[in-house]
Amino acid sequence: MGMVVNEVSEQTKGMAIVATDVGQHQMVAARYYKFKDTNQWVSSGGAGTMGYGLPAAMGAKMACPERQTVAFIGDGGFQMTIQELGTCAQWNIGVKIILLDNNFLGMVRQWQQLFFERRYSAVELVNPNFIKIAEGFGVAGRHITKPEELEEAVAEMLAHDGPYLLHVSVEKEENIFPMVPSGAAVDEIVLE
Ligand SMILES: Cc1ncc(C[n+]2csc(CCOP(=O)(O)OP(=O)(O)O)c2C)c(N)n1
Ligand SMILES: [Mg+2]
């Protein structure tokens, strides 16, 4: 995930408006995007409203149509407002969606792994074909699975005129740190 955010950061020179959904990808985006300006970060923070990422990115793009606007979204939260792809197509809202797909409700899986001895419950996702869904709504896109494809795929996405879905299959059980365990104080932060 970090590699993907880093590539987008490099190719947008740290100047894109960055929206996120909620979960591991949100923390990864916060860590690895090298922000160069103010008012670039559109995220629900600790409020944790899954489904926020895509509509938030659309609003930002409509307010600043001349700015490159990217949205980092997880495979779980994307499915909460995926129908907004139709709005993107209808009004040609040129948001660039980077779907970081780990086949899990990753943030919850991480907690179950670290604090409940990997007793996974209701965190594995059986996902639809996201590119076909985008196609159905009239939104262009591409699915990549290998690091070698990343640089060119990000360039293609950024050069595309109009909304675009870049579906990236990532490591399924990657963890993101630092994190503060539930009920713990900030000085009990877990670094790795
Ligand atoms: C509407 C809503 N339901 C449930 C949650 C609890 N929650 C926080 S992160 C998360 C998992 C998100 O999974 P995904 O969108 O795939 O992102 P990932 O963590 O895998 O990057 C869940 C279920 C939430 N924040 N909001
Ligand atoms: Mg996920």
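User: Where does Glu117 lie?
Analyst: Glu117 lies in the loop between H6 and helix H7 (130–137). Keep in mind that this is a predicted model.

User: What is phi of Glu117?
Analyst: Phi of Glu117 is near 45°. That is a positive value, in a residue other than glycine.

User: Is phi negative or positive in most residues other than glycine?
Analyst: Most of them have a negative phi.

User: OK, peptide bonds. Is the one from Phe177 to Pro178 cis or trans?
Analyst: The bond from Phe177 to Pro178 is cis. Its omega is near 0°. Most peptide bonds are trans.

User: And where is Pro178?
Analyst: Pro178 sits in the segment after E6.

User: Let's switch to helices. At what angle do the axes of H1 and H8 cross?
Analyst: Roughly 50°. H1 here meets helix H8, residues 150–159, and the two axes come within 10 Å.

User: Left-handed or right-handed crossing?
Analyst: H1 passes H8 in a right-handed crossing.

User: Which residues in H1 and H8 meet?
Analyst: From H1, they are Met3, Val4, Glu7, Val8 and Gln11. From H8, they are Leu150, Glu151, Val154, Ala155 and Leu158. By class, this contact of H1 with H8 has seven nonpolar, one polar and two charged residues.

User: What about H1 and H2, how do they pack?
Analyst: H1 and H2 pack at an angle of about 45°, and their axes are 9 Å apart.

User: Why call H1 and H2 oblique?
Analyst: Angles of 65 to 115 degrees count as roughly perpendicular and those under 35 degrees as roughly parallel. The H1 and H2 angle is about 45°, so the two helices are oblique to each other. H1 also passes H2 in a right-handed crossing.

User: Which residues of H1 and H2 meet there?
Analyst: Gly2, Val5, Asn6 and Ser9 of H1 meet Val28, Ala29 and Tyr32 of H2. The contact of H1 with H2 divides into four nonpolar residues, three polar and no charged.

User: How do the lining residues of the largest pocket divide by class?
Analyst: Nine are nonpolar, nine are polar and one is charged.

User: And the second largest pocket, what volume does it have?
Analyst: The second largest pocket has a volume of about 190 Å³.

User: What lines the second largest pocket?
Analyst: Met1, Met3, Val4, Ile144, Thr145, Lys146, Pro147, Leu150, Val168, Ser169, Val170 and Glu171 line it. Helix H1 (2–11) and strand E6 (164–169) each supply at least two of the lining residues.

User: How does the lining of the second largest pocket divide by class?
Analyst: That lining has eight nonpolar, two polar and two charged residues. Some names come back from the helix contact. Met3, Val4 and Leu150 line the second largest pocket. They are also among the residues where H1 and H8 meet.

Key
Residues are numbered from 1 along each chain as its sequence is written. Chains are lettered from A and ligands numbered from 1 in the order in which they are written. This is a predicted model: local features need pLDDT of at least 70, side-chain atom pairs count only at pLDDT 80 or more; totals for chains, interfaces and linings use all residues. Side-chain values use heavy atoms; hydrogens and water are left out. Ala, Val, Leu, Ile, Met, Phe, Trp, Tyr, Cys and Pro count as nonpolar, Asp, Glu, Lys and Arg as charged, and the others, Gly among them, as polar. On a 1 Å grid over the protein atoms alone, a cavity is a set of points where a 1.4 Å probe fits but cannot get out, and a pocket is an open set with protein on both sides within 12 Å along at least five of seven lines; lining residues have an atom within 4 Å of a point. Grid points are joined across faces, edges and corners, and a volume is the space filled by probe spheres set on the points. Helices (H or I, at least four residues) and strands (E, at least two) are DSSP runs, numbered from the N terminus. Axes are lines fitted to C-alpha atoms, for helices over the stretch in contact, and angles run from 0 to 180 degrees between N-to-C directions. A crossing is left-handed if the near helix is turned anticlockwise from the far one by less than a right angle, and right-handed if clockwise. Contact means heavy atoms within 4.5 Å. Angles under 35 degrees count as roughly parallel, over 145 as roughly antiparallel, 65 to 115 as roughly perpendicular and the rest as oblique.
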